[in-house]
Amino acid sequence: MRAVIRRNKQLVCDEVADLSPGPGQILVRTLACGICGSDLHALHHMEHMIETATRASGGVGTGFDPTADTVFGHEFCAEVLDHGPGSPKSIRTGARVVSVPITLTETGFESLGYSNRLPGGFAERMLLTESMVLEVPNGLPTDQAALTEPFAVGEHAVAMARLDRDSVCMVIGCGPVGLAVIAALKARGQGPVIATDYSPRRRASAERLGADLVIDPSKESPHARWESYGVPVQRAAQSMARMMGKTFGRPVVFECVGAPGILQTLIEASPAGAQIVVAGVCMETDKIEPAIAITKEMELTFVFGYTPDEFAHTLRQISEGVIDVSGVVTGKVGLEGVAEAFVTLGDPEAHVKILVEPTR
């Protein structure tokens with residue numbers, strides 16, 4: 001079967017071995033798979049990603065060889081083709097499914113998209129774990145179902161935020177992660193939500209997903225708006241307001257950029273007592289001044305991924321129209337177009353999300 005392979009830090013379209021489902025597995029045909037920002041980074045910096053993951057796990061290796069062939073793709077929707085031996089066939093052949101991108105094997109598990117043994121969604125076929133797949137509700141378009149995984153990331157970030165009923169939220173960066181955070185906030189009825197990004201296209205996407213105020217930071221600091229939403233910035237002003245019997249919502253800032261220097265900027269600019277939820281993945285060494293965050297009694301919360309329940313909840317919200325992702329996909333390519341799509345996605349004005357359709 002055909003697949004796009006990361007080989008020697010290049011993307012090549014080539015043949016890979018056909019797949020046969022084992023016990024507990026199903027063979028699926030990939031219908032659509034999103035290109036993630038982590039895929040863009042992994043193309044050239046996979047070795048660093050794996051080294052960081054090993055350090056984060058206390059030195060326990062992942063068993064993944066970043067120099068070996070890898071087929072990316074973890075944001076997918078697929079069609080069931082066959083079932084492994086002894087399968088209860090709880091998911092019918094022909095059904096469209098999504099899944100947390102992990103496949104259980106007889107020796108452990110494989111993280112689809114970051115595995116040397118099993119291909120991810122940039123291949124014509126995949127092996128999934130039957131007990132972990134979710135059938136796509138009738139009527140939900142395939143390209144929208146494929147957005148379950150990236151929008152589950154936003155659901156998890158918001159679930160980790162200590163929001164109150166009157167919280168004022170600010171989303172820094174309106175790429176795919178920031179958009180998912182905005183969608184999850186508005187699905188909860190949370191507001192106001194202030195979104196900020198330098199890209200006009202991304203700001204327009206944030207507005208479509210329900211952001212209450214969208215700001216171009218090259219023209220105005222979004223932090224100048226806290227007071228207008230009733231949130232005093234300084235600790236002294238907050239104490240005075242409370243002594244006068246006034247209440248205000250807790251400020252929560254979602255950092256969705258993942259670039260060095262962002263955290264320090266937010267620590268200095270955000271209101272006292274703010275929670276900063278760090279959803280952007282900075283892969284470089286960064287520096288902050290803890291004394292400022294301490295003095296302002298701020299909280300830093302680092303988040304990653306999602307739970308299976310959050311994944312399933314996100315699929316339901318998309319299928320029921322609570323989260324409208326109809327305008328998120330801005331391009332589709334076949335396998336031959338993946339390498340060029342990786343280049344195109346480097347320009348935030350070119351696309352929001354590109355889907356790979358392996359049989360296109």
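A residue is called buried when its relative accessible area is under 20%, and exposed when that area is over 50%. The legends below describe close-up views of a predicted model.

**View A. Asp216, in the loop between strand 12 (213-215) and helix 6 (235-243).** With a relative accessibility of 14%, Asp216 falls under the cut-off and therefore counts as buried. Its side chain makes a polar contact of 2.7 Å with the side chain of Ser218, and, leaving aside residues up to four places away in sequence, Asp216 touches Asp197, Tyr198 and Arg203.

**View B. The packing of helix 3 (residues 148-159) against helix 9 (residues 308-319).** Residues that make the contact include Phe151, Ala152 and His156 of helix 3 together with Phe311, Leu315 and Ile318 of helix 9, and the contact residues comprise six nonpolar, five polar and three charged.

**View C. Backbone geometry at Asn8, Lys89 and Pro192.** Most residues other than glycine have a negative phi, and most peptide bonds are trans. Asn8, in the loop between strand 1 (2-7) and strand 2 (10-15), has a positive phi of about 55° and is exposed, with a relative accessible area of 66%. Lys89, in the loop between strand 4 (75-83) and strand 5 (96-99), has a positive phi near 50° and, at 58% relative accessibility, also counts as exposed. The peptide bond from Gly191 to Pro192 is cis, with omega near 5°, and Pro192 belongs to the loop between helix 4 (176-187) and strand 11 (193-196).

Methods
Residues are numbered from 1 along each chain as its sequence is written. This is a predicted model: local features need pLDDT of at least 70, side-chain atom pairs count only at pLDDT 80 or more; totals for chains, interfaces and linings use all residues. Side-chain values use heavy atoms; hydrogens and water are left out. Axes are lines fitted to C-alpha atoms, for helices over the stretch in contact, and angles run from 0 to 180 degrees between N-to-C directions. Helices (H or I, at least four residues) and strands (E, at least two) are DSSP runs, numbered from the N terminus. Contact means heavy atoms within 4.5 Å. Ala, Val, Leu, Ile, Met, Phe, Trp, Tyr, Cys and Pro count as nonpolar, Asp, Glu, Lys and Arg as charged, and the others, Gly among them, as polar. Buried means under 20% relative accessible area, exposed over 50%, partly exposed in between (1.4 Å probe, protein chains only). A polar contact is a pair of N or O atoms within 3.5 Å; within protein, one must be able to donate a hydrogen and the other to accept it, and residues adjacent in sequence count only if both atoms are side-chain atoms.
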